[in-house]
Each structure stands twice: as C-alpha cells, then as structure tokens.
Amino acid sequence: MRTFRTKRALGIGLAALALGTVTACAADPSGSGAAGDTTLTFGVDGTVPNIDPVLADNSTVDQSVVPMYESLVDYDPDGTLQGRLATAWTVAEDARSVTFTLRDGAKFHDGAPVTAEDVKYTFDRAKALGVGVAQFLSDYASAEVVSPTEVRLNLSAPSSLFLGGLAKVYIVNSALVEKNAGSDQGQSWLASHEAGSGPYTLEDFKPNRQIIFEKYDDFTGAANAAAPDRIVYRLIPESSTQREEMLAGNIDVADGIEPQDLATVLEQDHFTSVELAKAQGLYVYFNTQRAPFDDPDVRLGIRLAYDYQAHVTTILGGHGAVATGVAPAVMDCRPDLAPFAQDLDKARELLAGLAASGKELTLAYQSIFAEQADAATALQSTLRDLGVTVKLKTVDYPTYIESLGSVGTTPDMAVIWDNPPTPDVGSLLTTRYHSKFQETSTNFGQYGNPAVDKLLDEANATGDATARCDLYKQVEQALVDDSASMPVADEVTTVVVPKTVSGVELYPAHTGYMPQTYQIED
C-alpha cells in the first residue's frame with residue numbers, strides 16, 4: 001500500500017504572497033467591478049457553447065471551468081502529481097482501489113462543504129453520461145464513502161493511467177446539481193451554470209462570446225494573493241482580431257496570435273511574450289477503417305507527400321519543430337526517431353493506384369485557424385500534383401468530434417491540433433490508438449491493431465515505470481511503421497501579456513490558460 005501526501009501549500013500561494021499590491025489592467029467590459037479591483041482580460045481562441053465540467057476533455061472547455069472547480073489531484077508545472085481537493089491518497093496493495101482524504105474546510109460556492117458524497121456523485125455521473133472525461137474513467141467501477149472526508153474509488157482492473165486522468169475530473173456540488181438535474185442529470189443546467197469549489201465563481205456566461213469570473217473570497221485552497229479579482233474571457237478565434245483587440249487595449253492576454261501577427265503586437269512597449277513548449281501538435285488523422293486509408297501504403301504515401309520543413313518555416317514562422325513521432329517531443333517515453341520528411345518520388349509510387357482510381361478524398365479542417373487552413377491547402381496542392389484529388393471541407397470542432405461517433409461519418413482525413421489528455425504518454429496512445437476507443441470521440445483515426453492493443457494493455461497494467469516506458473516506445477514505433485496517423489509539427493505557444501503580469505507557466509494537464517496562477521505586479 002502506498003500513501004501520498006500533497007505538498008501544495010508550498011506552491012503558488014507562498015510565491016504569490018511576495019508580490020505586493022495589485023493594479024488594474026484592461027478596461028472591465030462588464031462595468032461591474034468594484035473600485036480598486038483588478039481585472040485581467042484574456043482573448044480565448046476557441047468556442048465555448050457549454051461549461052459543464054464533464055466536457056473538460058476539450059481543452060477550451062477545460063480552461064473555461066478550471067477557475068471554478070477543483071479536481072482531486074493535478075499536475076504541477078514540473079510534472080509532479082499533487083493534491084488539489086485531496087490532501088492524501090492511498091493506493092491499495094492490489095492496485096484495485098485508491099482512497100482519498102479531502103481537504104478540511106473545503107466548501108462549494110454556495111457554502112456547502114465538499115464531501116465524499118460529492119466525489120462519488122461526480123464520478124458516477126460522468127461514468128453514466130459516458131461523454132467527455134468519462135474517457136478517463138474506463139477502469140472506474142464504483143466509489144465508497146468511508147467518511148465525510150474520505151472516499152475510496154474502486155477499479156475494475158489495475159491501471160497506471162487512472163490517477164493522472166483525475167486531473168480533468170472536476171468535483172461538482174451534488175445537492176445543487178441534483179436540485180437542477182431535470183431529465184438529463186443536470187447537463188442542461190450545468191451548460192450555463194457552475195457548481196464548483198474553485199478560486200473563482202461564475203459572474204456571467206454568454207456562450208461563444210464571453211465568460212466573467214469573480215474571485216471567491218472563501219476559497220480554502222492555496223491562495224494566489226496577486227491573482228486578479230476578476231477574470232474576463234473574450235472568445236475570439238481569429239488571430240487577426242485578437243491582434244487588433246490587443247492593440248486597442250481591449251484584451252490583456254492572448255495565446256492565439258499567429259506568427260504573422262505577433263511582431264506588430266510585440267512592438268508595443270507594454271507587452272512581452274512567453275513561449276511555452278506545449279505537448280501539442282498538428283496532425284492529419286486518416287479514417288483507417290475505410291478505403292483507401294485501410295491500406296497502410298496509402299497512408300504512408302500521403303505522409304511522404306507533405307513538406308514538413310516548409311510547414312515549420314513558412315506556416316509557423318519558425319515557432320515550432322517538425323514532428324518526430326506520434327507523441328509531442330516534450331513528452332517522456334519516446335523512441336529515437338528522425339523528423340518526418342518529404343519524399344515525393346516514393347509518395348508518387350505509393351499513390352499511383354489511388355491516383356488512377358480517380359477517387360476524390362475529403363479533408364476536414366477548421367477554417368478559423370490559419371495553421372490548419374494553410375496546412376490543408378498545402379496538402380491538397382501537393383496531392384493534386386501527384387494526381388490525387390482532395391476536396392477541402394470546413395468543420396467546427398464540436399461537429400468534428402460528433403462525426404467520430406461512427407466510422408461512416410468520420411472524414412477521410414482531418415487536419416487538427418491534438419494534445420495528450422494528461423502528461424502521461426500512455427493517455428495519448430491509449431485514447432487515440434486503442435481499438436476499444438473506436439467510434440468514441442477520442443480515437444480520431446478509428447485505428448485498431450491487435451498487436452498495439454496488447455502492448456498498451458500490458459503497459460497500462462504494470463506498475464513498473466521502466467517496463468511501461470519501454471512498452472510505450474514499442475507502441476510508438478509500431479504506429480509510425482504502420483502510418484497510423486500523420487504527425488506534422490510540434491507546437492510552441494506564444495502567450496502575450498502585459499509586462500506587469502507574471503506567473504505564465506505550463507500546467508501540463510491543461511493546454512489552455514490557468515488564469516488563477518497569473519500574478520499582477522506593480
């Protein structure tokens with residue numbers, strides 16, 4: 001039996017206390033802030049129609065709910081798993097259960113205490129709904145309330161991925177959700193309301209337009225004294241619009257400004273930038289269960305047709321690197337592979353049959369993101385030169401995810417940013433490539449390979465970290481050899497902030513903002 005105790009009290013709270021007086025940044029668009037309060041306004045490059053935390057597997061939803069909720073555990077910037085609502089946890093000798101102790105005095109925004117019953121309710125609800133963060137609970141069997149502040153989570157099988165996945169499972173106020181449960185277990189109500197215990201409460205939510213958070217004065221977790229009193233998210237997908245809004249002083253922080261727009265913003269003396277090497281990359285996913293992409297040679301031919309170096313140099317403006325495997329370069333347990341490279345002669349040979357067939361392929365992408373649009377156009381152009389016809393199809397993210405529900409609706413190809421659910425490379429490999437996740441929202445290529453499944457099952461069941469790592473490397477090599485997907489480039493995100501703002505760090509379970517960690521200085 002192994003017991004872990006959190007050291008979070010030494011984290012951001014103490015560091016922030018030394019920063020002194022806070023000052024206001026951008027104008028408060030709601031006009032409701034009290035005099036002297038600080039407001040930090042973020043430009044968010046996505047759409048958020050729904051803030052139910054069960055959907056936090058989506059990175060844009062995650063950054064929208066993380067100020068309001070707490071998970072049991074989470075990863076610190078150094079990749080160490082720490083307690084959030086949990087102050088300690090004990091893994092049973094047979095690895096089939098984990099018992100958590102909750103923080104004394106933790107309470108929801110309506111003043112109700114956070115209890116073991118709330119934890120059990122949250123896990124049971126997510127499992128029953130089977131959407132979003134339920135992907136992290138595939139081994140969750142049940143929960144037992146040991147005491148008001150102790151809860152035991154039982155697993156159907158030992159899983160080395162289970163604990164890390166809890167970073168995205170946010171605990172909800174069970175009484176409040178039940179009061180508003182309706183006929184859909186609270187999904188309609190939580191789509192626009194919150195039931196959390198995090199450092200901020202919800203002041204206003206306008207779907208796909210704006211979210212305003214207000215600091216929760218009775219928060220009992222580690223406090224960041226220099227955090228803004230109010231946080232405003234303005235949902236602005238287009239890079240050029242974020243640029244203009246920053247120049248006009250209407251937003252303070254942006255991470256969606258693409259390379260071609262960055263220089264203009266950084267010419268302003270009061271802005272600075274922080275580059276974060278996120279575990280995120282651009283991929284082309286094939287529908288591997290449908291012709292012609294059920295043929296590995298066709299997948300390889302497409303992969304060899306693309307000019308990766310031109311992508312990094314021209315489309316990313318040098319802010320990134322050519323991919324060297326199916327997992328982003330910043331992750332552990334990766335085989336030593338050369339960067340992907342274009343080989344037009346080999347591509348032409350492999351795609352000759354496809355070209356002769358005259359079959360038209362569909363390539364889906366999100367037109368609001370310049371990198372995806374440019375990559376889609378570049379791939380279409382290259383394949384046209386090889387005699388392969390590609391029809392581009394614009395799609396929004398929710399529609400794309402919905403299309404993954406069946407092989408029949410999954411596009412032939414899709415250009416999309418992707419990132420691992422947790423910092424554990426096993427979470428990426430399992431959810432994207434294990435056949436048990438086919439026709440769910442996570443296996444983007446509907447990929448299935450019994451040999452890969454066997455390696456993943458073995459890796460996820462062992463507690464030997466070295467053995468796990470070796471098995472994951474074998475999986476990654478097998479996926480590259482089979483051209484299971486087409487990794488294009490590893491991303492570097494540039495966050496633009498006022499020079500008076502610090503605390504911009506990457507929390508590896510969250511690829512978006514963690515605004516409660518931002519600090520405003522004099």
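Predicted model: local features only at pLDDT ≥ 70, side-chain atom pairs only at ≥ 80, totals over all residues.
Colleague: How many salt bridges does the count come to?
Modeller: Side chains of opposite charge can pair when their charged atoms come close. The rule applied here asks for a side-chain nitrogen of Lys or Arg within 4 Å of a carboxyl oxygen of Asp or Glu. By that rule, the count of salt bridges is 16.

Colleague: In which helix do Lys120 and Asp124 both lie?
Modeller: The side chains of these two residues, Lys120 and Asp124, meet in a salt bridge with an N to O distance of 3.1 Å. Lys120 is partly exposed at 27% relative accessible area, and Asp124 is partly exposed at 29%. They are 4 residues apart, about one turn of the helix, and the element that holds both is helix 3 (residues 116-129).

Colleague: With which residue does Glu144 form a salt bridge?
Modeller: Glu144 is partly exposed, its relative accessible area being 35%. The closest N and O atoms of the pair are 3.5 Å apart, and the partner of Glu144 is Arg152.

Colleague: Is Arg230 buried or exposed?
Modeller: The side chain of Arg230 meets that of Glu203 in a salt bridge, at 2.6 Å from N to O. The pair links distant parts of the chain, 27 residues apart, with Glu203 in strand 9 (residues 200-206) and Arg230 in strand 11 (residues 230-235). Glu203 is partly exposed, with a relative accessible area of 30%. For Arg230 the relative accessible area is 2%, and since buried means under 20%, Arg230 is buried.

Colleague: Which residues of helix 7 are buried?
Modeller: Helix 7 spans residues 239-247, and Gly249, with a positive phi near 80°, follows this helix. The buried residues of helix 7 pack against several elements, including strand 11, helix 8 (259-266) and strand 20 (493-498). One of these buried residues, Arg243, is also linked with Glu244 and Asp261 in a network of salt bridges. The buried set in helix 7 consists of Ser239, Gln242, Arg243, Glu245 and Met246.

Colleague: With which residues is Thr431 in contact, leaving aside its neighbours within four places in sequence?
Modeller: Thr431 lies in helix 15, which covers residues 425-433. Its relative accessible area is 4%, so Thr431 is buried. Apart from those sequence neighbours, the contacts of Thr431 are Gln135, Pro421, Phe437, Thr442 and Asn443.

Colleague: How much space lies in the largest cavity?
Modeller: The whole structure has 4 cavities of 30 Å³ or more. The largest cavity is lined by 14 residues, with Leu276, Glu505, Gly512, Tyr513 and Tyr518 nearest its centre. By class, this lining has 8 nonpolar, 3 polar and 3 charged residues. The space in the largest cavity is about 80 Å³.

Colleague: What volume does the second largest cavity have?
Modeller: Among the residues that line the second largest cavity are Asp52, Thr122, Arg125, Val169 and Tyr170. The lining of the second largest cavity divides into 7 nonpolar, 1 polar and 2 charged residues. The volume of the second largest cavity is about 60 Å³.

How values were computed:
Residues numbered from 1 in each chain as written. Heavy atoms only, no water. Helix = DSSP H or I, 4+ residues; strand = E, 2+ residues; numbered from the N terminus. Buried < 20%, exposed > 50% of the residue type's maximum accessible area, 1.4 Å probe, protein only. Contact = heavy atoms within 4.5 Å. 1 Å grid on protein atoms, 1.4 Å probe; cavity = no way out; pocket = protein on both sides within 12 Å on 5 of 7 lines; lining within 4 Å. Points joined across faces, edges and corners; volume = space filled by probe spheres on them. Nonpolar A, V, L, I, M, F, W, Y, C, P; charged D, E, K, R; others polar.
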